[in-house]
Amino acid sequence: MSDNAMVRRDFLQTMGKVSFGTLMAGGLSMQTVNAREGQAQKAWTPVSDRKIRVGIVGYGVCRFGAAFGFQDHPNVEVVAVSDLFPDRRQGLMKACRCDKSYESLEVLIKDKSIEAVFVATDAPSHARHCIEVLKHGKHVMTAVPAAYGSIEDAEKLVETVQRTGLKYMMAETSCFRDDCYAMRQIYHAGGFGRIVYSEGEYYHYLAKPIGSYKNWRLGSPPLWYPTHSTAYYIGVTGKRFTCVSCVGFRGDFDAYKSGANQYNNPFTDEVALYQTSEGGSSRMLMCKSAHGMIIETGRVYGERGWMEGTTYHGVAKQLPDMTRPALPPGVPAGGHGGSHGQLSNEFITSILQDRLPMVNVYEALAMTVPGIVAHQSALKDGETLKIPQFDPPRA
Ligand SMILES: NC(=O)c1ccc[n+]([C@@H]2O[C@H](COP(=O)([O-])OP(=O)(O)OC[C@H]3O[C@@H](n4cnc5c(N)ncnc54)[C@H](O)[C@@H]3O)[C@@H](O)[C@H]2O)c1
């Protein structure tokens, strides 16, 4: 690294912000800032020396149970794991360096020594499994989405979280990608103002379908899996979608032919336009048939600035620290843009600090439920539908 670059890096580390590339737009002084510049090497500071006793369930096609680094976190002891298939159980035990397993989630949650469970099972079971975990007095982190196609499940889930008072977190990976994380910091520091328009995109083209437990992925409604997209508005602002109109596309894949899937779903691709609670609009999509596209991304356009990727363009003179929290030594950043370690660390830290996790049940449902309603709209040729809201009870 050159001397100049080192000086600039040190300055950025000290200030916790970056600021360069000034230009004029419509008479206003705009700045262009890249959040990746000056990614300071933050040091991790422990908040406790307590170890949370964790159980991990699910080691399916994505091997997700072991992918979030719980087994490497200094504040975690992985007490036991589970999967319905014995070979997957064995694989999860090995990957988590854990010598205890149970034959199912339902048996694991009877272990009174376990304080928290990571649910990495099939999406249609998430809400039911999380409710069971909470009812057994344990905190829970779940893989996405929070509920699968069922508003009733969402209602039961929020009711159970409220009744038990335990921690619930959804592991939405986009929320901890570096761009979305930076957007959230800038939004809350006022760098965008109100968001006029935003976009969230999850393209996942597959020439052949991926396997899954009881074939839950086969022919599934695209926006029942909306959270990688909706994170780029809800996970940035904490605001809400209020109504939606959605268009479905009938791609040429066998799993979406009439009668070919358990959901009676004809759509390979869905593109939704939402109205937001701050008076803007948002286009969120999940597309499976756009050839060759596999990407999770998003953008926000506000009254004071806009952002795509990690580059901010706007009028804010001072920007907050946009770098993600430091991870404990030994915890890998992991997949999906280095979000996995951030998510497990946030969940564990929220338990240690007895605070709401970032993607708590209200944010999780605000990212999940609008996709369920969008699919209903697509089935009705784009009819505009209202979105039920799940917000905390007013004090
Ligand atoms: N970027 C992301 O956030 C991302 C990426 C990939 C997968 N996921 C999510 O991760 C989850 C896991 O994905 P996958 O592809 O491995 O799923 P999968 O369907 O292949 O596997 C699910 C596993 O859960 C196990 N299981 C189901 N019920 C159980 C029970 N009662 N007790 C114990 N085990 C049980 C099954 O035996 C199976 O091995 C999914 O919900 C998926 O949506 C998220």
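Colleague: Where is the place of Pro145?

Modeller: This is a predicted model. Take the elements on either side of Pro145: strand E7 covers 139-142, and helix H5 covers 151-164. Pro145 sits in the loop between E7 and H5.

Colleague: Is the peptide bond from Val144 to Pro145 cis or trans?

Modeller: Look at omega for the step from Val144 to Pro145. Its value is near -5°. That peptide bond is cis.

Colleague: Which residues of helix H2 are buried?

Modeller: Helix H2 runs over residues 86-95. The cut-off for burial is 20 or more other C-beta atoms within 10 Å. The buried residues of H2 are Arg88, Arg89, Leu92 and Met93.

Colleague: Why are they on the same side of H2?

Modeller: Consider the buried set, Arg88, Arg89, Leu92 and Met93. They are on the same side of H2 because the arc they cover around the axis is only 140°.

Colleague: Which strands do the buried residues of H2 pack against?

Modeller: Three stretches of strand take part: 52-57, 76-82 and 101-102. In that order, the buried residues of H2 pack against strands E3, E4 and E5.

Colleague: Is Arg97 buried or exposed?

Modeller: A residue with 12 or fewer neighbours counts as exposed. Arg97 has 10 C-beta neighbours inside 10 Å, so it is exposed.

Colleague: What is the phi of Asp381, and is the residue buried or exposed?

Modeller: Asp381 lies in the loop between helix H11 (361-379) and strand E16 (385-386). Phi is near 60°, a positive value in a residue other than glycine. Within 10 Å there are 10 other C-beta atoms, so Asp381 is exposed.

Colleague: Which element gives the most to the largest nonpolar core?

Modeller: The largest nonpolar core has 107 residues. Ile56, Phe118 and Leu365 have the most contacts inside it. With eleven residues, the element that gives the most to this core is H11.

Colleague: Which residues does Leu365 touch?

Modeller: Leave out residues up to four places away in sequence. Leu365 then touches Ala146, Ala154, Val158 and Phe390.

Colleague: How many residues around the ligand are charged?

Modeller: The ligand is surrounded by 27 residues, the closest being Gly60, Val61, Leu84, Ala143 and Tyr213. In this shell, 14 are nonpolar and nine are polar. The charged residues number four.

Definitions and conventions: Residues are numbered from 1 along each chain as its sequence is written. This is a predicted model: local features need pLDDT of at least 70, side-chain atom pairs count only at pLDDT 80 or more; totals for chains, interfaces and linings use all residues. Helices (H or I, at least four residues) and strands (E, at least two) are DSSP runs, numbered from the N terminus. The arc is that of the directions from the helix axis to the C-beta atoms. Two residues are in contact if their C-beta atoms, placed from the backbone, lie within 7 Å. A nonpolar core is a set of buried Ala, Val, Leu, Ile, Met, Phe, Trp, Tyr and Cys residues joined through C-beta atoms within 7 Å. A residue is near a molecule or strand if its C-beta atom, placed from the backbone, lies within 6 Å of it. Ala, Val, Leu, Ile, Met, Phe, Trp, Tyr, Cys and Pro count as nonpolar, Asp, Glu, Lys and Arg as charged, and the others, Gly among them, as polar.
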